[in-house]
Amino acid sequence: MNSFQITKKDKKTRARLGVLTTPHGVVNTPGYIFVGTYGRFLHLDHEDLKRTKSQIFIANTFHLWEKALKSKLKEGFIHKSFGFDIPIMTDSGGFQVLSLAFGDKNKVGKFMTGETTDPIKRTKIRITQKGVHFNFKGKKMFLGPELSMKLQRIIGADIIFAFDHITSPLDDFAYNQKALELTNKWAHICLKEHEKQSRLRKRSGEPRQMLFGIVQGGIYPALRKKSAKYIGSLPFDGFGIGGAYTKKQIAKVLKLIIPHLPEEKPRHLLGVGKVADIFEAIENGIDMFDCVIPTREARHGRLYTRAGYMDIRRGAYAKDKKVIEKGCGCPTCSGGISRAEIRALIKNVDREQNARGQRWCLMHNMWFFNQLLEDIRNSLGTSSYQRLKTKMLKNFPTA
Ligand SMILES: [Zn+2]
């Protein structure tokens with residue numbers, strides 16, 4: 001029921017076309033994955049989502065944790081939550097738990113955006129061989145590889161991720177090395193627990209979930225290579241490439257990692273998906289990536305067009321009767337909703353009106369990225385790929 005087939009390989013780069021088949025549908029790769037943190041997209045129902053050309057979504061185990069444990073719904077509630085059958089992934093919760101230690105002051109997430117170079121002091125969490133102890137909303141909590149596998153089984157996504165030890169760009173070599181040892185150890189625990197959970201699913205007639213291992217190693221080439229070789233040798237169904245690098249390092253890191261991962265298995269770049277990053281990732285052999293940016297920006301009226309960004313809140317659009325982008329096939333543009341109308345809605349303080357504006361913006365941005373990926377897939381291996389890339393990079397110069 002689960003499979004990944006490579007249908008074409010680019011001769012000049014590591015790019016490839018593929019088809020990922022899951023029990024809830026098919027993903028043509030390279031494909032874009034939108035982030036529905038809580039198992040939904042605010043202001044969009046399943047009919048809206050179906051009209052965005054989306055192929056797959058990712059939700060967060062950490063944010064669905066409580067719902068998973070309290071759920072009186074049948075196991076596998078994630079597809080009910082999104083409202084229809086579509087391939088879904090969940091992350092392990094590791095990123096959310098481990099990044100609690102990074103603190104707001106450092107502004108260190110997947111990418112370093114803060115000014116500080118102080119080393120990370122993990123005072124808010126305690127990491128043991130079994131997982132991570134942490135305080136959340138005044139409660140003492142614990143998450144580790146075994147529990148993550150259990151939670152992800154209950155949530156019921158088609159593709160789940162191993163629980164790994166993400167590091168910060170501020171962590172030194174020694175710390176990253178230690179973290180990598182834990183990631184490797186936890187990878188084995190995840191594989192073992194996944195087999196157990198798969199037997200439970202089989203008993204209740206549910207299909208097996210694909211488990212992706214995660215390559216870490218921070219900004220250190222030697223560790224990245226080591227991690228790729230080791231994790232790549234384990235019987236995972238696919239591989240995720242974890243964060244902790246600056247944006248400029250994406251290509252460099254991928255060039256180190258990808259040659260060590262098995263060719264026939266799918267590869268997912270976690271948390272990356274700006275326009276320029278997409279081309280970089282695909283050419284370096286990535287099949288899927290997820291990113292919150294297109295949906296987050298849509299909520300503030302920041303729209304994507306082939307000519308570049310459009311901030312729909314600008315006064316210049318107040319009387320503009322044109323659609324966001326001429327020729328765009330999204331429900332918003334093809335429905336004839338004008339820039340002026342969207343601007344008025346998104347600037348409205350009334351919650352209902354504002355939500356309507358967000359809905360139009362979300363559907364446009366999601367369509368934009370899905371269409372861009374479709375165009376990239378169609379152009380791969382032809383000279384039109386380079387033309388498309390050149391045009392898009394000109395209009396979206398920053399990675
Ligand atoms: Zn549109």
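Modeller: Strand S13 (residues 267-269) runs parallel to S14, joined to S14 by 2 bridges. Two strands count as paired if DSSP finds at least two bridges between them. Strands (E, at least two residues) and helices (H or I, at least four) are DSSP runs, numbered from the N terminus. In S14, Phe-289 has Leu-269 opposite. Between S13 and S14 the chain passes through helix H10 (residues 275-283), a right-handed β-α-β crossover. Right-handed here means that, with the strands pointing away from the viewer, the path from the first strand over the helix to the second runs clockwise.

This is a predicted model: local features need pLDDT of at least 70, side-chain atom pairs count only at pLDDT 80 or more, and totals for chains, interfaces and linings use all residues. Residues are numbered from 1 along each chain as its sequence is written.

S14 also pairs with strand S4 (residues 31-35): 4 bridges, again parallel. There Phe-34 faces Cys-291 of S14.

Now the side chains of S14 (residues 288-291). Met-288 and Asp-290 point one way, Phe-289 and Cys-291 the other. All four are buried, meaning 20 or more other C-beta atoms within 10 Å of their own; exposed is 12 or fewer, partly exposed lies in between, and C-beta atoms are placed from the backbone.

Beyond residues up to four places away in sequence, Phe-289 touches Tyr-32, Ile-33, His-268, Leu-269, Val-272, Gly-273 and Ala-281. Contact means C-beta atoms, placed from the backbone, within 7 Å.

Phe-289 also belongs to the largest nonpolar core, which has 101 residues. Such a core is a set of buried Ala, Val, Leu, Ile, Met, Phe, Trp, Tyr and Cys residues joined through C-beta atoms within 7 Å. Ile-33, Ala-162, Phe-212, Ala-281 and Phe-289 touch the most other members. Helix H14 (residues 351-379) supplies the largest share of this core, 10 residues. Domain 1 (3-291) and domain 2 (302-393) each give the core at least three residues. In soluble globular proteins, nonpolar side chains tend to be buried together.

Just after H14, Gly-381 has a positive phi of about 85 degrees.

Next, the domains. The protein chain is divided into domain 1 and domain 2; the bounds come from an automatic or database domain assignment. Their centres, taken over C-alpha atoms, are 28 Å apart. Between them, 22 residues of domain 1 contact 19 residues of domain 2. S4 and H10 are the elements giving two or more residues to the domain 1 side of this contact. H10 gives the most, with 4 residues.

Pro-87 lies in the loop between helix H3 (77-82) and strand S6 (88-90). Pro-87 counts as buried because 24 C-beta neighbours lie inside 10 Å. Neighbours within four places aside, Pro-87 contacts Thr-22, His-24, Gly-25, Val-27, Gln-55, Ile-56 and Asp-158. From Pro-87 to Phe-368, 281 residues apart along the chain, the C-alpha separation is 20 Å.

Conventions. Two residues are in contact if their C-beta atoms, placed from the backbone, lie within 7 Å.
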